[in-house]
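Trainee: I am new to this structure and would like to go through it by question and answer. Please show it before we start.

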Amino acid sequence: MSGPQRKNLFKIEPFKQRVELDPNYSDKAWKILEHAIHEIYSHNASGLSFEELYRNAYHMVLHKYGEKLYNGLVCSMTCHLREISKCIEAAYGVLFLEELNRKWVDHNKALQMIRDILMYMDRTYVPTSQKKTVHDLGLKLWRDIIIHSRNIQIRLLDTLLDLIYKERTGEVINRGLMRNVTKMLSDLGISVYQDDFEKTFLDASSSFYCGESQKFIECCDCGQYLIKAEKRLTEEIERVSHYLSSSSEEKITNVVEKEMIANHMQRLVHMDNSGLVNMLIHDKYDDLGRMYSLFRRVSGGLVTIRDVMTFHLRETGKQLVMDSEKLRDPVEFVQRLLDERDKHDTIITQAFNNDKTFQNALNSSFEYFINLNNRSPEFISLFVDDKLRKGLKGVNEEDVEMVLDKVMMLFRYLQEKDVFEKYHKQHLAKRLLAGKTVSDDAERSLILKLKTECGYQFTSKLEGMFTDMKTSQDTMQGFYASQISDSGVGPTLVVHVLTTGSWPAQPSIPCNLPAEILGVCEKFKAYYLGTHTGRRLSWQTNMGSADLKATFGKGQKHELNVSTYQMCVLMLFNTSEQLTYTEIEQATEIPPQDLKRCLQSLACVKGKHVLHKNPMSKEIAEDDKFYFNDNFSSKFYKVKIGTVAAQKESEPEKQETRQKVEEDRKPQIEAAIVRIMKSRRVLEHNNIVLEVTKQLQSRFLPNPVVIKKRIESLIEREFLERDKNDRKLYRYLA
């Protein structure tokens, strides 16, 4: 059995003889490299062997001569840069910048070649010794020796600022050269660009624009000034893009904005005959858009525009709604409001970038001045009445919707929406009963818009009025179907049966109808009460109309469209040639005020006077005499004779409507109080007022005094009680 085999071990031994390095090697190697650096700076690099140079630098670092190599490089580059500095200093004018730029380009090329030769040093020696790389070293030496040279630094800054000033004043400069020089400063470090150029540049720019803005504002109007300011701002942004660092854009635009806009904002907007108000009045969209775009750049700029616009709007609106001359025609008054709203809405859309804060200011201004006139709800309803009677005839559906939307816009501004509802109901009733509505679709569209805005309760009675009109048509068909056996010739009757709760409350005024009409009315009453149980009918003769066939002198025939009262008066002249006012009043029992208006329209309106009045005057007296006008003629067969009446309510009617509105509000306020207290159980007085106002503001703004009175009423009826210790605290009683 053989023993274990021995493993052969190998060992590397050092050379028996020590390799000696030439003691002058480092000096010889550096001399070669130094000569190469000199040749590179002298533009003679084409004859150099970069491979050999790289090997020499490599061996110096490898044999621990890296420090000698690095220090030698510093000395050599410093020496060459000092020579370059002298060349630059010797150049003057534009040649100074050109020489600086040329030398900078040469220096960068030299750095690139030197860095390639000393690449091994950059990779090994520089990181371990915490030195700057060849490239960074070259930039530092250029900065310290060239840029921060006492004879170059000031000249460089002055030359750059002088060229910028020349360009600002209209001269053409070499932008490419400027770009190269400013880029050089940026390449040397952002701090060099900022400290050696940008700070002074911004200070000089501030002084320049301070002086220029002062000169402009003294000799230009607001629009011209804004054009110049906009132009300067654009120029500075372009200047940055052409030859300044992008970091300068925000800083230089801030300077222009401060000196040309922020410092003169108040003076610009209030400038006589050209400021913001003048621009608004004369629809100067371009100037307004320019002001908006410039002022939005500075703090408080848009607030300044908005405040001045709001003040102007409120003052203009106040004059409009308080001017008695402009209040004479309600339709024209509302049209002016709409025109003013459209005008400023267009300005905000086109010039103010449809800014929501400006829209809010516009809305708040309109809400402010529209509610200064407590007749605004009535006037808006009259405007709607005019449009739905005749103003929208022949208008396409889209335009109708546009008009209704504008009306709804004004409606939203009203604080007393319930007052509008009261008037709208009255006007709608007259339109429906007279058959004068332009379009049922338009009427229903408006009701739908009101319903969307204020809820079902707001429009339920309006919808009930339309239901009554449809039901009345069916009732009349049934009535005439039941009268087929009665073939006698007589007047044709059309009755609208109105539900008391849905229609405006009208006093039932007695009137003596002609016998022919009275007979048909009695037949209808018998038919209606026979088909409906538990109902009562009362004739509203003051709301009716009639078509009369009349024969005048020479056999001329016309069909007269008149009111029921006018019909009663005219039918009297079938049996009488002459009647006094007193006789007519006794025969018809029409209320005096209505009778006088009725006679005025029959005898005093030019072209419509089917009666003669003696003596002839506009006013009706009790001893006046009336005759049938046999000589009446008209080119139309059908003649409409309207009733002379004021378009607006008289003062007593206005007071009566206001009183009705106040009475209608009481149960609404009480209901709101009970709802709130039922959920809160205990609440302090001021909080109740706030909650009630919040709940009811979509219909009207309740008066705190009225709220207090309704609380007192609820306490008396034992819905609430006062706290025994705190009189301002209320408790809900279940």
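Trainee: What is the relative accessible area of Glu-257, and does that make Glu-257 buried or exposed?
Mentor: Buried means under 20% relative accessible area, exposed means over 50%, and partly exposed lies in between, with a 1.4 Å probe and protein chains only. Glu-257 counts as buried, because its relative accessible area is 6%.

Trainee: Before we go on, what kind of model is this?
Mentor: Residues are numbered from 1 along each chain as its sequence is written, and side-chain values use heavy atoms, with hydrogens and water left out. Local features need pLDDT of at least 70, side-chain atom pairs count only at pLDDT 80 or more, and totals for chains, interfaces and linings use all residues, since this is a predicted model.

Trainee: Which residue meets the side chain of Glu-257 in a salt bridge?
Mentor: A salt bridge is a side-chain nitrogen of Lys or Arg within 4 Å of a carboxyl oxygen of Asp or Glu. Here the N to O distance is 2.7 Å, and the partner of Glu-257 is Arg-297.

Trainee: How many residues apart are Arg-297 and Glu-257?
Mentor: Helices (H or I, at least four residues) and strands (E, at least two) are DSSP runs, numbered from the N terminus. Glu-257 sits in helix H11 (residues 248–260), while Arg-297 sits in the loop between helix H14 (285–295) and helix H15 (301–322). Arg-297 is partly exposed, at 38% relative accessibility. The pair links distant parts of the chain, 40 residues apart.

Trainee: Which residue forms a salt bridge with Asp-287?
Mentor: Asp-287 is buried at a relative accessible area of 17%. With an N to O distance of 3.2 Å, the partner is Arg-290.

Trainee: How far apart in sequence are the parts tied together by Glu-670 and Arg-717?
Mentor: The closest N and O atoms of this salt bridge are 2.6 Å apart. Glu-670 is buried at 12% relative accessibility, whereas Arg-717 is partly exposed at 41%. Glu-670 belongs to helix H27 (residues 651–680) and Arg-717 to the loop between helix H29 (704–716) and strand E8 (720–722), so the parts tied together are 47 residues apart.

Trainee: How many salt bridges does the structure hold?
Mentor: Side chains of opposite charge can pair when their charged atoms come close. Some are joined in a network, which links Glu-167, Arg-168, Arg-175, Glu-236 and Arg-239. For the structure, the count is 48.

Trainee: In what order do the 3 strands of the open sheet stand?
Mentor: Two strands pair if DSSP finds at least two bridges between them. E3 and strand E5 (residues 625–628) pair over 3 bridges, and E4 and E5 pair over 4 bridges. The pairing is antiparallel, and the order is E3-E5-E4.

Trainee: Which strands stand at the edges of this sheet?
Mentor: An edge strand here has a single partner strand, so one side of it is left without a neighbour in the sheet. The strands concerned are E3 (578–580) and E4 (611–614).

Trainee: Which helix lies across E4 and E5?
Mentor: Angles run from 0 to 180 degrees between N-to-C directions, and axes are lines fitted to C-alpha atoms, for helices over the stretch in contact. Contact means heavy atoms within 4.5 Å. The helix running at about 110° to E4 is H26 (residues 592–603).

Trainee: Why is the protein chain described as more spread out than a compact globule?
Mentor: The chain has 29 helices and 9 strands. The radius of gyration is taken over C-alpha atoms, and the globule rule is 2.2 Å times the number of residues to the power 0.38. For 734 residues the rule gives 27 Å, and the chain is called more spread out because its radius of gyration is well over that, at 49 Å.
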